[in-house]
Amino acid sequence: MSLSDDSGVPGGFRTVELMMWASRRLPPWAVDALLGAGVTLVVSLVISANQGGRHGPDAVAYLWAVGLGALMFARRRYPVVVLAVTALGLFAYYAAGYPAVGLGVPVAAALFSAAEFGRLAHAVVTGVVVVVVSVFFRLVEGQDFSFVVNYELAGHILLMAAAITLGDSVRSRRSVQEGARRIAELTAQRYRQEADARVHADRLAIARDLHDSIGHTTSVISLHADVAREALGRDEAQTRAALDLIKSTATRTMAELRRTVALLRSPDENSRSVVSLSNVGTLRETASAAGIDLDLDLRIGVGLPATVDASAFRIVQEAVTNIVRHSRGGGARVTAYDDGTALHLRVADDGPGGAGDIGRGHGITGMRERAEALGGTLTAGYEESGFVVRAVLPLEQPS
């Protein structure tokens, strides 16, 4: 057996370059087909040179070249099997006495495939085995040591090392691309989740605004409708005053709805209605209509953060609305003060403690959500003096 290489190295390098280009540009099946055709063509050309061997090339020799190429269609699923069959086939080819085809050229594609699909150790071991067996038998047959080791061996090793290195490079690059693609997918997913969360938060804010504002004005309309009905036919002036108040309240409600619709069409913070604790006095009218004397004790500094100011008004508005609807007392008190770090709110009626059905709907939930959205807290429940809502809203908001 003479495992020698007379002129195959240049063709082998061209084969490796072809494999590198194909792995970048073509779909998998086309890469395998091109690789198989390249292996068959290059090995067949080297066989046709008819260098060395005990007899010339025949149909079996060329069929062997075709077989090496056909193995490329199994390289993705069975890279180690393809590598082993290629190495054993090379030994069988030389044992049969066919012309020399070198070492690197027949096994380059199999080495490349094994390294490409993560079988780097198998590729290196197979390359070492092929080189050692080749050198051993050539020296046993009496070939010149200087020619075999000093001249040809470097070319064999360089070609096989190039195939293994390029295969591992393709695997590494594919892994990096897959990682980048996965990161891009995760980033896009995170952006979608954040966008959904923002939309959900906006919807909750709008729902709270509608509940607080519409709920309050509806209570006013309901109360004064009762007043107008009772005064109808008995006190024309009181009836007219109640109807006028219903009209003005309905007008304010429609304005609030228009602002909300504008916000839905153009979600700009500037389109939100301006609400502030400075307007809390307007709630007295609602309370008075229900026979409740509303006392205000406001000790707040100038220039509260807009979000804190608006949320504080909405909390007080909802608390007063609940008192109007449910309280059995005759008075209520709103206390608000800031201590430099937080705004403290307290809204309490003077109804009997531990009784009533206040806060069974969404009102208290909405108030608590407003407070927690600002990093604050809110509690609501019956005490000895009546039903009390307490809120603490930090003045310094996270950016």
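Trainee: Among contacts between residues at least 6 apart in sequence, what share join residues at least 24 apart?
Mentor: First, a word on the source: this is a predicted model, where local features need pLDDT of at least 70 and side-chain atom pairs count only at pLDDT 80 or more, while totals for chains, interfaces and linings use all residues. Residues are numbered from 1 along each chain as its sequence is written, and side-chain values use heavy atoms, with hydrogens and water left out. A contact means heavy atoms within 4.5 Å. Taking the contacts between residues at least 6 apart, the share that join residues at least 24 apart is 74%.

Trainee: How many helices and strands does the chain have?
Mentor: Both are DSSP runs numbered from the N terminus: helices are H or I with at least four residues, strands are E with at least two. On that count, the chain holds eleven helices and five strands.

Trainee: Is A108 buried or exposed?
Mentor: You'll find A108 in helix α5. Buried means under 20% relative accessible area, exposed over 50%, and partly exposed in between, using a 1.4 Å probe and protein chains only. A108 has 1% relative accessibility, so A108 counts as buried.

Trainee: How far apart in space are A108 and M160, C-alpha to C-alpha?
Mentor: Along the sequence, 52 residues separate A108 and M160. In space, C-alpha to C-alpha, the value is 5.8 Å.

Trainee: Which way does α5 run relative to α6, roughly parallel or roughly antiparallel?
Mentor: Helix α5 (residues 104-116) packs on helix α6 (residues 120-140) at about 155°, with their axes 7 Å apart. Axes are lines fitted to C-alpha atoms, for helices over the stretch in contact, and angles run from 0 to 180 degrees between N-to-C directions. Angles under 35 degrees count as roughly parallel, over 145 as roughly antiparallel, 65 to 115 as roughly perpendicular and the rest as oblique. Therefore α5 is, relative to α6, roughly antiparallel.

Trainee: How do the residues of the contact of α5 with α6 divide by class?
Mentor: On the α5 side are L111, A114 and A115, which meet L120, A123, T126 and G127 of α6. Ala, Val, Leu, Ile, Met, Phe, Trp, Tyr, Cys and Pro count as nonpolar, Asp, Glu, Lys and Arg as charged, and the others, Gly among them, as polar. That gives five nonpolar, two polar and no charged.

Trainee: And α4, is it roughly parallel or roughly antiparallel to α6?
Mentor: Helix α4 (residues 79-95) and α6 have axes 10 Å apart and an angle of about 5°. So α4 and α6 are roughly parallel.

Trainee: What is the strand order in the open sheet?
Mentor: Strands pair if DSSP finds at least two bridges between them. The edge strands, each pairing on one side only, are β1 (293-299) and β4 (377-383). Pairing is mixed, and the order is β1-β2-β3-β5-β4.

Trainee: How many bridges join β4 to β5?
Mentor: A hairpin links β4 to β5 through two residues. Within β5, V388 is the bridge partner of G381, and V389 stands opposite A380. β4 and β5 (residues 386-394) run antiparallel, and the number of bridges joining them is seven.

Trainee: Which helix lies across β4 and β5, running at about 145° to β4?
Mentor: Two helices are worth a look here. Helix α10 (residues 306-326) lies across β1, β2, β3, β4 and β5, at about 10° to β3. The one you want covers residues 363-373: helix α11.
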